[in-house]
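Good morning, and thank you for the time. I would like to take you through one structure, moving from its helices to its charged pairs and then to its backbone.

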Amino acid sequence: MKITRILFSFCLCVSILLLLTHDDLFAQAHEEGTLIRVTGTVLDEESKSPLIANVFYEKLPFYDDMGISATNQQNGVYELYMLENIKYIINVKADGYKTISEEMEVVDNGTQLIEKNFVMFPDAAHEKFDLHNLIFARGRAVIDESSFAELNDFVAWLEARPNINIQLEGHTDFQGNAQANLQLSQDRVDAVKEYLTKRGVKKTRIRTKAFGGTQPLSRERTDEARTANRRVEVRILKQ
């Protein structure tokens with residue numbers, strides 16, 4: 001019973017201390033100035049798809065206040081709280097992309113909310129390329145035998161670079177049902193991934209992403225344009 005009372009007293013003291021610390025931090029923030037909510041998205045420059053990124057801030061000029069926000073994996077949204085009328089250095093980092101670094105002064109427009117969006121570009125080591133000779137059966141995710149030679153060369157290329165991770169990005173032509181096109185592009189990159197893994201490439205090295213017909217290379221309605229739009233691209237994520 002005595003031990004129980006001691007433990008209860010200890011937990012109560014810790015809870016009070018944490019509460020006081022929390023209140024002190026907010027009191028200190030309000031003494032220094034008003035906290036402004038800074039939020040926005042981090043997107044890929046070409047696809048405009050959301051990125052998994054970290055957004056860092058450091059207070060200028062002495063770097064005596066700092067923080068970090070990880071983006072939401074579904075929509076690329078981040079959220080920070082920063083002091084009004086203070087200059088900060090903002091750094092945005094994402095695997096496979098050039099780091100963004102810029103100064104920002106937090107100026108409230110009367111809403112205590114600032115929207116700040118970032119667009120990121122792949123770095124030189126993470127550009128993408130096409131598998132030009134990859135051919136599928138029409139409207140299906142079956143790889144034509146004429147594509148095996150290029151895929152085997154790609155397997156050898158990956159085996160020679162064991163530290164590289166990739167993302168297979170599937171595209172279809174923009175014509176037709178959008179949902180069906182999205183599913184077809186996913187099925188096709190899954191088929192390529194299966195081909196590679198059956199030949200020794202580790203599954204953990206390969207991500208897939210489907211775009212359907214949302215990113216056509218051409219809006220022309222010629223056979224050549226439609227053929228160019230149906231493609232699988234390889235993005236290097238890690239070297």
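Please bear in mind throughout that this is a predicted model.

I begin with helix α3. At its start, a side-chain oxygen of Asn-177 comes to within 3.0 Å of the backbone nitrogen of Gln-179. The helix itself covers residues 178–198, which is 21 residues. At 1.5 Å a residue, α3 should therefore span 30 Å, and the distance between its end C-alpha atoms, 30 Å, agrees with that. Following α3 is Gly-200, with a positive phi near 105°.

Which residues of α3 are buried? They are Asn-181, Leu-184, Ser-185, Arg-188, Val-189, Ala-191, Val-192, Tyr-195, Leu-196 and Thr-197. The list includes Arg-188 as well as Leu-184 and Val-189.

Next, the packing of this helix against another. In general, two packed helices are described by the angle between their axes and the distance between the axes. Here the partner is helix α2, residues 148–159, and the axes of α2 and α3 come within 10 Å and cross at roughly 60°. The two helices are therefore oblique to each other. Their crossing is right-handed.

I turn now to the charged pairs. Side chains of opposite charge can pair when their charged atoms come close. How many salt bridges does the model contain? The count comes to six, and I shall describe three of them, including the one between Glu-79 and Arg-37.

In that pair, the closest N and O atoms are 2.5 Å apart. It links distant parts of the chain, since Glu-79 belongs to strand β4 (residues 77–83) and Arg-37 to strand β1 (residues 35–44), 42 residues apart. Glu-79 has a relative accessible area of 37%, so it counts as partly exposed. Arg-37, at 30%, is partly exposed as well.

Another salt bridge joins the side chains of Lys-116 and Glu-102, at 2.7 Å from N to O. Lys-116 is in the loop between β7 (113–115) and β8 (118–120), while Glu-102 is in strand β6 (residues 100–105), so this pair ties together parts that are 14 residues apart in sequence. Lys-116 is partly exposed, at 24% relative accessibility, and Glu-102 is partly exposed at 26%.

The remaining example lies within a helix. Arg-226 and Asp-223 form a salt bridge whose closest N and O atoms are 2.5 Å apart. Both residues are in helix α4 (residues 223–229), and because they are three residues apart, about one helical turn separates them. Asp-223 counts as exposed, with 52% relative accessibility.

Finally, the backbone in the loops. Most residues other than glycine have a negative phi, and most peptide bonds are trans. Where does the model depart from this? The peptide bond from Leu-60 to Pro-61 is cis, with omega near 5°, and Pro-61 lies in the loop between β2 and β3 (66–70). Asn-85 has a positive phi, near 65°, and is placed in the loop between β4 and β5 (87–93). Gln-112 also has a positive phi, near 55°. Gln-112 is found in the loop between β6 and β7 and is partly exposed, at 44% relative accessibility.

One further loop residue deserves mention. Ala-53, in the loop between β1 and β2 (54–59), is buried, with a relative accessible area of 3%. Its C-alpha atom is separated by 9.8 Å from that of Thr-41, twelve residues apart along the chain.

Thank you; I welcome your comments.

Notes
Residues are numbered from 1 along each chain as its sequence is written. This is a predicted model: local features need pLDDT of at least 70, side-chain atom pairs count only at pLDDT 80 or more; totals for chains, interfaces and linings use all residues. Side-chain values use heavy atoms; hydrogens and water are left out. Helices (H or I, at least four residues) and strands (E, at least two) are DSSP runs, numbered from the N terminus. The expected span of a helix is 1.5 Å times one less than its number of residues. Buried means under 20% relative accessible area, exposed over 50%, partly exposed in between (1.4 Å probe, protein chains only). A polar contact is a pair of N or O atoms within 3.5 Å; within protein, one must be able to donate a hydrogen and the other to accept it, and residues adjacent in sequence count only if both atoms are side-chain atoms. A salt bridge is a side-chain nitrogen of Lys or Arg within 4 Å of a carboxyl oxygen of Asp or Glu. Axes are lines fitted to C-alpha atoms, for helices over the stretch in contact, and angles run from 0 to 180 degrees between N-to-C directions. Angles under 35 degrees count as roughly parallel, over 145 as roughly antiparallel, 65 to 115 as roughly perpendicular and the rest as oblique. A crossing is left-handed if the near helix is turned anticlockwise from the far one by less than a right angle, and right-handed if clockwise.
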